[in-house]
Amino acid sequence: MADALTSIFGLLDLRSARCTRLEAAGAWSLRFPEKLALKFAAVIQGECWMLHPDHPPMQMMRGDVFLLSQTPAYVLASDPDLPPEDGTKVIDWEGSDVGRYGGADTVLLGGSFQVNPLHERLLTEALPHLMILPRDAPAASTLSRTLEIMEGEFREIRMGSDLIRRHLADMLLVQMLRAFADRDVQGMDRRRPDRSWIGALTDPRLGAALDRIHAEPGRSWTVKALSEVAGMSRTSFAEAFHVAIGQTPIDYVTRWRMQVGADLIHQGLGIADVAAMLGYASQSAFGTAFKRIKGCSPKAASRQQTPSFELSAESF
């Protein structure tokens, strides 16, 4: 049975990661554009400044890693006071996975994930816009081992290196999300949500209930049935779930069903079939729930063009 994180990643379609290496030296400042993406970058040599529009300048040292969601335009620089250049134009990202600017005193590895626009709110509502995993965090040693392997795939290009780097990027993203759930990351965002499904996954009891909801969205779930999965009393489970996630268990079930339903509709399945798969006795009942959550009817959603997304040239 796939767990909740796996099922969510399946909808998000994070398989389009690209990994690149950035080498820079001297006086340099590079601006990277706003885009709908998740990005991570790790300093593996030297140091630099990370300038995010919502936060004070952050000095990044070797071993520090950051993760961006709802990525705005931001700057990486040797000096926060330097005027930035366009990092997408001064570096040939189309011709190579390694971007070079003046030398290699500072080296970063980065990965970019385009998220399916149909489901991107699953992550953007659960994550802060900026997370910093400092080099002395408990989870940093785990990430450093993964980064070391990735760095090796850049140093010595061999058969399947790009594929290995992409899989390592997937691992790094999950490791970062685990660190966030365990609160190893620095709270860099004042809008950081205190409650989300990511944090709840670290609770064995709530995580068990979430796994079952995601594995069986069409089941006629009740609070009592879910509390039994969690091994808790009905009242204790309902209270703990709401505190951790900010929704009642049944609200969460309904919202997850509608995410799955929207995906199935955009795949071309008939609305009546989708309603039956998700446990609704009638197409009308499904339609009412869908419109309440998604803001439009299933029929209107089926006429909408399926969102498309392409991975841009650079990963920084």
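**Entry 1. Ground rules.** I worked from a predicted model, in which local features need pLDDT of at least 70, side-chain atom pairs count only at pLDDT 80 or more, and totals for chains, interfaces and linings use all residues. I numbered residues from 1 along each chain as its sequence is written, and side-chain values use heavy atoms, with hydrogens and water left out.

**Entry 2. Confidence.** I looked up pLDDT (the predictor's confidence in each residue, from 0 to 100). The chain has a mean of 86, and 91% of its residues reach 70 or more. Where pLDDT is low, the predicted coordinates should not be read in detail.

**Entry 3. Helix H9 and its partners.** I took axes as lines fitted to C-alpha atoms, for helices over the stretch in contact, with angles from 0 to 180 degrees between N-to-C directions. Helix H1 (residues 4-12) packs with helix H9 (residues 249-266) at about 35 degrees, the axes being 10 Å apart. Their crossing is left-handed (the near helix is turned anticlockwise from the far one by less than a right angle; clockwise is right-handed). From H1, Ser7, Ile8 and Leu11 meet Tyr252, Trp256, Gln259, Val260 and Asp263 of H9. I recorded 5 nonpolar, 2 polar and 1 charged residues in this contact (Ala, Val, Leu, Ile, Met, Phe, Trp, Tyr, Cys and Pro count as nonpolar, Asp, Glu, Lys and Arg as charged, the others, Gly among them, as polar).

I then turned to helix H6 (residues 204-215), whose axis comes within 10 Å of that of H9 and crosses at roughly 35 degrees. This crossing is right-handed. Leu210, Ile213 and His214 of H6 make the contact with Tyr252, Val253 and Trp256 of H9.

**Entry 4. Pocket and cavity.** I used a 1 Å grid over the protein atoms alone: a cavity is a set of points where a 1.4 Å probe fits but cannot get out, a pocket is an open set with protein on both sides within 12 Å along at least five of seven lines, and lining residues have an atom within 4 Å of a point. The largest pocket has a volume of about 670 Å³. Of its 27 lining residues, Arg121, Leu122, Glu125, Arg255 and Gln259 lie nearest its centre. H9 gives the most to this lining, 6 residues.

Note on methods: Helices (H or I, at least four residues) and strands (E, at least two) are DSSP runs, numbered from the N terminus. Contact means heavy atoms within 4.5 Å. Grid points are joined across faces, edges and corners, and a volume is the space filled by probe spheres set on the points.
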